[in-house]
Amino acid sequence: MIAQQLVNALTLGSVYALFALGFTLVFGVLEVINLSHGAVFMAGAYAALLLVTKANLGIWVALPLAMLVSGALGLLIDQVVLKPLRARRAHHLMPMIATIGVATLITNAIQGIFGAETSRFPFGTIPEESFQIGAIRITELQIAIVIISSLLMLLLVAILKHTRLGKAVRAVAENPQTSYLLGINVEAVFCLVSFTAAALGGGAGVLIGLSFNSIFPFMGQALIPKGVAVIILGGLGDVRGAMVGGLFLGVAEVMSVAYLSSDYRDAVAFGLLFLILLVRPAGLFGRVMERKA
Amino acid sequence: MTETLQVFWATYNTLVFTVGVHAMLALSIFLTLSCGLLSLGNAAFMGIGAYTAALATLRLGLPFGEALALGGLLPGLVALVIGIPTLRLSGVYLAMATLGFGEVVRVIFLNLEITGGSMGLNGIPMKTQLWHILAILAVLVYGFVRIRRSKIGRSFEAIKEDETAAKAMGINTTAYKLLAFVMGAIIAGVAGGLNAHFTFFVSPREYGFDPAVDILTGAIFGGTGSFVGPMIGSAILAILPELLRFLQAFRLAVNGLILILVVIYLPNGIWDRKLFARLRKKGAA
């Protein structure tokens, strides 16, 4: 029983982690709490749905394409909305508010086009096979979800850690001005990060859409508070923290439903978030940040 | 003439009430913002106030005034208790902590028996009159005008500009921040109580993340330079969906678009005195 729950928790948690990764990446590098991340997540799911139903593509072809679409959307948001605010050095809350506007715009536009009702992938899109290992039942879909999200996350961490590009991204995260003086193309890094974060968010949207087989305009809005909880747990801007935080939230949710009561599922996550903030504001693994006077 | 007025009132009285309640919420978030605190807990405090006032009416049969007072008192007490540890946080962290608090409150409403679970409370009698809302708004506006140049108002401003410097000047920053937080919660709670007594019901859905964001959005849209801006901003955002009915499903998308445009092109909100002064100069020249 507990092993089965762990499998479910791992699946859910790895998608949360993928979602939170983009969220935290944008915060770490652009210093923006990007509340349009949920809308991009949802747009990714709809893109995959359209590619499957209208273009008759297989889901594993549609997934990377949907990630490209949501990445492009993220880039567009950065260029049209966030760039002017950066140029003017707006108060740090302004980009956050602007992304609320973006989320409202995208969510309602999608609702206007596709309607508020839940859409589903056509029968046969989602792999239905499952394996029985002892008492545990694992579906092919669950395996695919865990593998895909782990690969994406490992790839990102490897790039950040070992390549010149990753070094540049980390330098910009540390200090954009100094990076600029050192000859790093800071604007290009911002663009790249916006694209990557949105692509990861869109990918998470497709995977969540597949695992619940339901896609609706407000699916991303529901995930925003959870994403916030995860990146606070892991420490704002901390890539590895977001991954651990995502898994942790998945486990906490599945276990609280299984062993406590489904009623207080969200309260467990957010109660925890509240406590963490009071005890360790920099997150479970975060460095203690210097307070700017 | 009077007939047109009557028809107008019959159609739009809920909207007028809503605009008034939103103006109150805008004032409540302005109060915390004017002290440099970004709190996203106002929707939760509004919820606590709405449930408290509604239960006072339904279960205890208290008169409206007392129900409203309780609806302000309880959120104030809760703000006092959670404010003491929470207000040590600043900036984004405070925003996220209050967001977490809001979600916990919502889940509690959803699961307690006395709050009616996911169905909420229904059949709350209509007790809110227009003059109640106007009178409370008038008192609040008078209070805000008086506070601005008082010791409290100047302390808030000093903390907002630079907390460390304010502390060095001998301002008890913790006490003033707590004061702003608690007063903001009381105003939000009363607004919630008023709201419950003209919409006839309260449900957990109304006090979650989205309303918290809406309150903030209205305030920023109007401009947080003075208390007038948030009131105007939230009023416009409350009326806009009605004006844009012809766009049907897309009308809320327009809300988002307007918000983006304002943040990019009118950084100080739409109620921006400096902008007005510049425009006037241009007009004169």
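**View 1. Buried residues of helix α10(B)**. In this predicted model, Gly229(B), Pro230(B), Met231(B), Gly233(B), Ser234(B), Leu237(B) and Ala238(B) of α10(B) are buried (20 or more other C-beta atoms lie within 10 Å of a residue's own; 12 or fewer make it exposed, anything in between partly exposed, and C-beta atoms are placed from the backbone). The buried residues of α10(B) pack against α1 (2–33), α9 and α11 of chain B. Helices here are DSSP runs of H or I with at least four residues, strands are runs of E with at least two, and both are numbered from the N terminus. Helix α10(B) covers residues 228–243, and its 16 residues should span 22 Å at 1.5 Å a residue, which agrees with the 22 Å between its end C-alpha atoms (the expected span is 1.5 Å times one less than the number of residues).

Two notes for reading all the views: residues are numbered from 1 along each chain as its sequence is written, while chains are lettered from A and ligands numbered from 1 in the order in which they are written. Local features need pLDDT of at least 70, side-chain atom pairs count only at pLDDT 80 or more, and totals for chains, interfaces and linings use all residues.

**View 2. Where chain B touches chain A**. Here 34 residues of chain B are in contact with 38 residues of chain A (contact: C-beta atoms, placed from the backbone, within 7 Å). On the chain B side, α3 (64–86), α4 (91–111), α9 (209–222) and α11 (251–265) each give two or more residues. The largest share, 12 residues, comes from α4(B).

**View 3. Helices α1(A) and α9(A) crossing**. The axes of α1(A), residues 2–30, and α9(A), residues 219–234, come within 9 Å and cross at roughly 70° (axes are lines fitted to C-alpha atoms, for helices over the stretch in contact, with angles from 0 to 180 degrees between N-to-C directions). The two helices are therefore roughly perpendicular to each other (65 to 115 degrees; under 35 is roughly parallel, over 145 roughly antiparallel and the rest oblique). Look for Phe19(A) and Phe23(A) among the contact residues of α1(A), and Val230(A) and Ile231(A) among those of α9(A).

**View 4. The hairpin of β1(A) and β2(A)**. Four bridges join β1(A), residues 130–133, to β2(A), residues 136–139, and the strands run antiparallel (strands pair if DSSP finds at least two bridges between them). Ile133(A) stands opposite Ile136(A) in β2(A). Two residues lie between the strands, and Gly134(A) takes a positive phi near 60°.

Note on methods
Contact = placed C-beta atoms within 7 Å.
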